[in-house]
Amino acid sequence: MTQLVETPRRLPLNRDRVLRSAIALADTEGIEALSMRRLAQELGVVPMALYKHVANKEELLGGMVDTMVGEIEAPVARAPWKSAVRQRVLSARQVLLRHAWARPVIESRTTVTPAVLGYMDSFAGMFLAGGFSEDLTHHVMHAMGSRMWGFTQEVFDDPAEPGPDQPEMQAAMARQMAENYPSLFRIAVTAAHDDESVVGSGCDDQFEFEFALDLLLDGFERLHRQKWTSDGGNHR
């Protein structure tokens, strides 16, 4: 008796599968590795099959951002505005840390999708629900900037640090910094904490992010209590 062997059925291609496969590829190989041809290979289809679901590379990237936004935790119902905003921002940061490609893609977007607008709308809504005026909320959104997405733009990227087997280079760099940039050297020594080198960044990115976020939230709270307005009013 002849035994029939079932061949595995190929999963149907749809927009969600295309986007999630693109995200997985960018997560593992970096955004530079992502192309329509490379993604088609990953999915086992011809490149033209992708264009039924995304019009081009830009739409693909926008859809990836939309999918990422969907991973951010929703605001806690009836939570005080300050804790709700903090939780939302830190959730966005965790999502961004899982997807290292997301920050440059977000920064490069020239069009705003409904999913992105929805996220920003819910963000503004947390302040309005907390009793903030439309005027103050407008300025709060500007002050938050990229922080609502879980990242900030530092003045410079962290410098490359000398290897642990290069103590002479570390010492020379430390002497040069102390002589030429004494103020920066003083705070670098403090920020180095338990690190042996004072010429590296010496910073805890998560701590610095939360430190600045809490400063902003405290400032927003103070302005709200003072019934601040942008026309110069400051009614205590």
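This is a predicted model: local features need pLDDT of at least 70, side-chain atom pairs count only at pLDDT 80 or more; totals for chains, interfaces and linings use all residues.

Modeller: Start with K227. K227 is exposed, with a relative accessible area of 57%. Exposed means over 50%, buried under 20%, and partly exposed in between, using a 1.4 Å probe and protein chains only. K227 sits in the segment after α11. Residues are numbered from 1 along each chain as its sequence is written, and side-chain values use heavy atoms, with hydrogens and water left out.

Biologist: What is the phi of K227?

Modeller: The general idea comes first. Most residues other than glycine have a negative phi. K227 is not a glycine, yet has a positive phi of about 55°. R78 is another case: its phi is near 60°, positive in a residue other than glycine. R78 lies in the loop between α4 and α5. R78 is exposed, with a relative accessible area of 83%.

Biologist: How many helices and strands does the chain have?

Modeller: Helices are DSSP runs of H or I, at least four residues; strands are runs of E, at least two; both are numbered from the N terminus. This chain has 11 helices and 0 strands. Of its 236 residues, 36% are buried.

Biologist: How do I check a helix length, say for α4?

Modeller: The expected span is 1.5 Å times one less than the number of residues. Helix α4 covers residues 57-69, which is 13 residues, so it should span 18 Å; its end C-alpha atoms are 19 Å apart, which agrees.

Biologist: What caps the N-terminal end of α4?

Modeller: Look for a polar contact. That is a pair of N or O atoms within 3.5 Å; within protein, one must be able to donate a hydrogen and the other to accept it, and residues adjacent in sequence count only if both atoms are side-chain atoms. Here N56 is the cap, with a side-chain oxygen 3.2 Å from the backbone nitrogen of E58.

Biologist: Which residues of α4 are buried, and what do they pack against?

Modeller: The buried ones are L60, L61, G62, G63, M64, V65, T67, M68 and V69. They pack against α1, α2, α5, α6 and α7. For contact, read heavy atoms within 4.5 Å.

Biologist: How do α8 and α11 cross?

Modeller: Axes are lines fitted to C-alpha atoms, for helices over the stretch in contact; angles run from 0 to 180 degrees between N-to-C directions. The axes of α8 (residues 134-144) and α11 (residues 205-225) come within 11 Å and cross at roughly 170°. That makes α8 roughly antiparallel to α11 (over 145 degrees). On α8 the contact uses L136, V140, A143 and M144; on α11 it uses L213, L216, F220, L223 and H224.

Biologist: Is L13 buried, exposed or partly exposed, and what does L13 touch?

Modeller: L13 is partly exposed, with a relative accessible area of 22%. L13 lies in the segment before α1. Leaving aside neighbours within four places in sequence, L13 contacts V18, L43, V45, A49, L50 and H53. L13 and A49 are 36 residues apart in sequence, and their C-alpha atoms are 8.4 Å apart.

Biologist: And S91: buried or exposed?

Modeller: S91 is buried, with a relative accessible area of 9%. S91 belongs to helix α5. Not counting residues up to four places away in sequence, S91 touches I72 and E73.

How values were computed
Angles under 35 degrees count as roughly parallel, over 145 as roughly antiparallel, 65 to 115 as roughly perpendicular and the rest as oblique.
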